[in-house]
Amino acid sequence: MVAAGAAAGAVAAPAVVSAQTPVVIKMQTSWPASDIWMDFAREYVDRVQKMSGGRLKVDLLPAGAVVGAFQVLDAVNDGVIDAAHTVPVYWYGKHKAASLFGTGPVWGGSAATMLAWFHVGGGKELYAELTQEILKLNVYGFYGFPMPAQPFGWFKRPVEKAADVRGLKYRTVGLAADLLQQMGMSVAQLPGGEIVPAMERGVIDAFEFNNPSSDLRFGAQDVAKNYMLSSYHQASESFEFLFNKDFFDDLDDDLKAILEYGVEAASTSNYASALDNYSSDLRKLQDGGVNVLRTPQDVLDAQLAAWDKIIPTLEQDDYMRRVMESQRQFVERVVFYELMNAPDYALAYEHYFPGKLKL
């Protein structure tokens, strides 16, 4: 009877649940609060918080909440914020090689190809060498979301040939600035939130940011009506998820894994969201009177010729030479397979939706 009573008492005893205070991560993005990339950052935050069972809580902030859009790397390095959602080209001023991890020379691979290079082709190790050994930065960086190639951008008059862009004051960032200066443009490197005001004041004549959704949200269609799709200036970019090294190293191993591999989960989600929103918003732009055009072949040829002139100067830096050689070796093998294996999707699209494409 005593044993039975003890057993019954054991069953009836209330369970003790240990409460654990979540680790709060202060993460700032490089995007305005209204930009679609803030939505993409939230997809990462949602996944991280759910996978951690509430042990991680991310305080997600827009550009300017703590530091400017281009200052997030320094803020993470200094521990002012714990993490950032950005792109490497925004710290191109520290070392031009930053642009090789997004918006570098286009060897023939897409953003998906170059993200694969980062993960399995040696890019991750070269990135660590740049950030931690060459620049002595106290950060880790993870990469996700292979972005659709960026449009050439917004122009007051359609661009029909390469000569049309000479003398234009144009907004872009990173090595794309070097590229378009080589083509005769005058380049201003501005954060996304400053683009339309600069266009309204005449500081720039034309610009690109990244995609139809961002462009629609910040009012690109109010300051220009010709939207040129397709370009080699920024054809293979991905998001950079930065973490302060001391902060990250102090976490439990499973939380480190959630932060790192949560990037891969968000990458898939971001890509699906991008295809859905970018295509829908491009149609809204067209319906609103924007002239959507494909960049002429003459301009694309001139862009590749400009890259050909820039690459030898970049290769004078031994580190940049090694990064580009690693990329070329990966692309030569992988893109041969990709292109030889891919059917002609344009042919199939034209078959089912005749007359829409103007390639």
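Two strands count as paired if DSSP finds at least two bridges between them. Strands (E, at least two residues) and helices (H or I, at least four) are DSSP runs, numbered from the N terminus. This is a predicted model: local features need pLDDT of at least 70, side-chain atom pairs count only at pLDDT 80 or more, and totals for chains, interfaces and linings use all residues. Residues are numbered from 1 along each chain as its sequence is written, and side-chain values use heavy atoms, with hydrogens and water left out.

**Stop one: S1 and S2.** Select Lys26, then look across to Asp59, its bridge partner in S2. Strand S1 (residues 23-29) and S2 run parallel, joined by six bridges.

**Stop two: the whole sheet.** Now colour five strands in the order S2-S1-S3-S10-S4: they form an open sheet with mixed pairing. S2 (56-61) and S4 are at the edges with a single partner strand each, so one side of each has no neighbour in the sheet.

**Stop three: S4.** Pick residues 139-144, strand S4: five of its six residues are buried, meaning under 20% relative accessible area (1.4 Å probe, protein chains only), where exposed is over 50% and partly exposed lies in between. S4 runs antiparallel to strand S10 (residues 239-244), with six bridges joining them. Click Val139 and you'll find Asn244 of S10 opposite.

**Last stop: two helices.** Which residues of H6 meet H11? Select Leu175, Asp178, Leu179, Leu180 and Gln182 in H6; among their partners in H11 are Trp307 and Ile310. Contact here means heavy atoms within 4.5 Å.
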